[in-house]
Amino acid sequence: MSEVKAVCLDLGSTVLKAAYVEHGRAVSYATAGNPQAAICADVMGRTQVAPQLYTKTADAINALIGRLTDRADRLIVTGNTVMLHILLRVDPVAMGVYPYTPQFLGAQRTSGAALGLQAVAVETLPCASAFIGADIAAGFTACVPPDETALYIDLGTNGEIVLQRGGQLYCCSTAAGSAFGPTASDYIALVYARLQAGQLNKNGDRGTQPLQLAKAAIAAGILTLCDRAAVPLSAIERVYLAGGVTVTPQAARAIGLLPKALPDATDVGNGSLKGAIQAAADPAFAARVDAFAQKAVTVLPSLDPAFEKTYLNCIPLCPV
């Protein structure tokens, strides 16, 4: 019997990243921009224009598949909940307004032909909620041991945070904005260097405002999540940083991205794609992702009365 040709895809809101998996290992990769971003930069805004995005999304995915293999027997996809609805041509409009109701959360399976995709079968991994998608569920499951008191932080346009302690899981998503884009690593390093050289004070300048708002959203999300779960920062054993934004521990503390009481972060890169690759290699992995999705409690920072004050306090470029 010939080897099953699996393509794993992280369906990011701005960037699509794919891997070709052979004998349980990723042997090649391909990356492309998400054409949806040219129509609507904001993910929640895309819930209102989803039908305009279906064909463009399929065309972009097919181009990636073609760069990796002559055919895909399995296409295994992770992504946020809105992106997966758009991929599967399921109307996501109800996720754009409160109470943010998705039409599905569990794993989905269908034929590639039904979606205009050059794959025999399409599989998506489970989501936890409208705001915590398969990208976070799969990335966390792939990267974090089940017995650790840990934070998993995915830096992107939407910054998702997962807190695990004693078998309990708390999650939140914060609107970080475009500052955590492809050039974020260099941008953070530059801001940190300017702070160290005395060229910036904690108030920053016009050029640093997008970063200040983005990092404040992450820091405030961490503090809010830990407060909700009654877990002190000092109890966190390990911090995992995902999403492709590389930042040194010194810079993360100096600009107030990560609270100073946390241990140094471990950079895990694209956790979402790692999770999809594990799903291709291990038939039991999807069940572990589903267990995460069933257990995770999603916290909405916007409904926490203390979040806005915490967020404002985290905007200055200084340790939190």
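**Helix packing and the sheet**

Reply: In this predicted model, helices H5 and H10 cross in a right-handed manner. The contact involves Ala137, Ala138, Phe140, Thr141 and Ala142 on the H5 side, and Phe285, Arg288, Val289 and Phe292 on the H10 side. By class, these comprise seven nonpolar, one polar and one charged residues.

Me: Which strands are the edge strands of the open sheet?

Reply: Six strands form the open sheet, with mixed pairing, in the order S11-S10-S7-S8-S9-S12. An edge strand pairs on one side only, and this holds for strand S11 (265-269) and strand S12 (297-299). The edge strands are thus named S11 and S12.

Me: Which residue in S12 is the bridge partner of cysteine 171?

Reply: Strand S9 (residues 168-175) runs parallel to S12 and is joined to S12 by three bridges. For cysteine 171, the bridge partner in S12 is threonine 298.

Me: Is threonine 174 buried or exposed?

Reply: Threonine 174 lies in strand S9. Among the residues that threonine 174 touches are Ala217, Ile218 and Pro301. The relative accessibility of threonine 174 is 3%, and the cut-off for buried is under 20%. Threonine 174 therefore counts as buried.

How values were computed:
Residues numbered from 1 in each chain as written. Predicted model: local features only at pLDDT ≥ 70, side-chain atom pairs only at ≥ 80, totals over all residues. Heavy atoms only, no water. Pairing = 2+ DSSP bridges. Helix = DSSP H or I, 4+ residues; strand = E, 2+ residues; numbered from the N terminus. Buried < 20%, exposed > 50% of the residue type's maximum accessible area, 1.4 Å probe, protein only. Contact = heavy atoms within 4.5 Å. Left-handed = near helix turned anticlockwise from the far one by under 90°. Nonpolar A, V, L, I, M, F, W, Y, C, P; charged D, E, K, R; others polar. Lists of a residue's contacts leave out its neighbours within four places in sequence.
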